[in-house]
Amino acid sequence: MSDIRADMTLADPGEARFGDFVALLKPRVMSLVIFTALVGLLVAPGYLHPVEALAAIIFIALGAGASGALNMWWDADIDRLMKRTAKRPIPAGKVSPQDAMAIGVALSGISVVMLWLATNALAGFLLAFTIFFYAVIYSMWLKRATPQNIVIGGAAGAFPPMIGWVAVTGSISLEACLMFMLIFMWTPPHFWALALFMKSDYHKARVPMLTVTHGRKATRNHILVYTVALVPFALAAGFTSIGGPVYLALALVLNAMFLQGAWAIWRRGEAQAEADGYATEKRVFKFSLAYLFLHFSAILLEKGLVQIPAYADFAATLKILELF
Amino acid sequence: MAITREHELHKRRSGRNVGLALTLICFIALVFGLTIAKVSGGSTLQAFDHSYRPSLDPDHVRFQQR
């Protein structure tokens, strides 16, 4: 006897490929989580056995994936309406919402407990809080309630480097907070630049994005304000143990470029943006990805460079924030 | 009656099962590796066993090192 029925189609939920379940974990978001958590873990003072470090990264990534699955389960109704998300496993009919929720809950529990066992309780707690923050605070509450959803919800994406740091040290320090703030303050201008050229999607789904509730001019203002507010945090990291001359030089250039991009977005009117197909907004959005990647790369590079004694002596003179 | 023709759905299920099997094997390997790493880490795993051993007392060790 077979459980294959004549009326079954390839699109029947429950007959997903393994890859559909992987897609549920938002692998692209996961790659950013892995990278930033890895940097936090590698630059933290202290020692973690390589297997423990590998386990920490895997379970932080798995926790992020779990919150992604819970987000997809909760947002399946609005994901159907947006072009960018319509092909996700649930709206595409490949994975049932119940399966997505079960996977999200199961992976959340496994990742938190395993991270705790592999490293320490604070790291496990922070991962649990991150999953809760993304799935409940952001997805279930803020996303559909306020145009500031991205601002507060961005905290969920900002935790991974802090968790990586805590996995090694067992405590939260100024450096971990600055890495957190770097991503936290970067998220709003990054997403609002996207929202400017993906306007019809958010509008269709009635998600209260700033572009929908306050208009596009207000969104441009917000991008500029948040980019200005981001700069001090990005530069401050240069004066701590994770920074140094190379980081500081790169941060100066990148922040000047990001500010210039935000300024260019602010100056433009809607007619001008529509005329060139939102070229500036798209350019700034792409640049924002490189901005974050290069900041964390520079933090990692500094960790390598301080192994050179002469460089370490020079870098030490910059680390004035360590005094506090 | 035995199934003689393979349906596309069988391939999907097979792929899913193989994927799950590999995931579980990786998880087991990771837990095993973690266990080895924790055990080889050493001294802190010597827990309380109802008799005082100065070598496990950090204060005593610090005192000895002075």
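1. A:Ile150 is found in helix α7 (residues 149-169) of chain A; helices are DSSP runs of H or I with at least four residues, strands are runs of E with at least two, and both are numbered from the N terminus. This is a predicted model, in which local features need pLDDT of at least 70 and side-chain atom pairs count only at pLDDT 80 or more, while totals for chains, interfaces and linings use all residues. Residues are numbered from 1 along each chain as its sequence is written, with chains lettered from A and ligands numbered from 1 in the order in which they are written.

2. A:Ile150 is buried because 23 other C-beta atoms lie within 10 Å (buried: 20 or more such atoms; exposed: 12 or fewer; partly exposed: in between; C-beta atoms placed from the backbone). Leaving out residues up to four places away in sequence, A:Ile150 touches A:Thr187, A:Pro188, A:Phe191 and A:Trp192 (contact: C-beta atoms, placed from the backbone, within 7 Å).

3. Helix α11 (residues 215-236) of chain A has 22 residues and spans 33 Å from its first C-alpha to its last, close to the expected 32 Å (1.5 Å times one less than the number of residues). Buried residues of α11(A) include A:Ile223, A:Tyr226, A:Leu230 and A:Phe233. The buried residues of this helix pack against α8 (174-197), α10 (210-213), α12 (245-267) and α14 (279-305) of chain A.

4. Between the chains, 13 residues of chain A are in contact with 13 residues of chain B. Helix α3 (residues 50-74) of chain A gives the largest share of the chain A side, four residues.

Terms used: Two residues are in contact if their C-beta atoms, placed from the backbone, lie within 7 Å.
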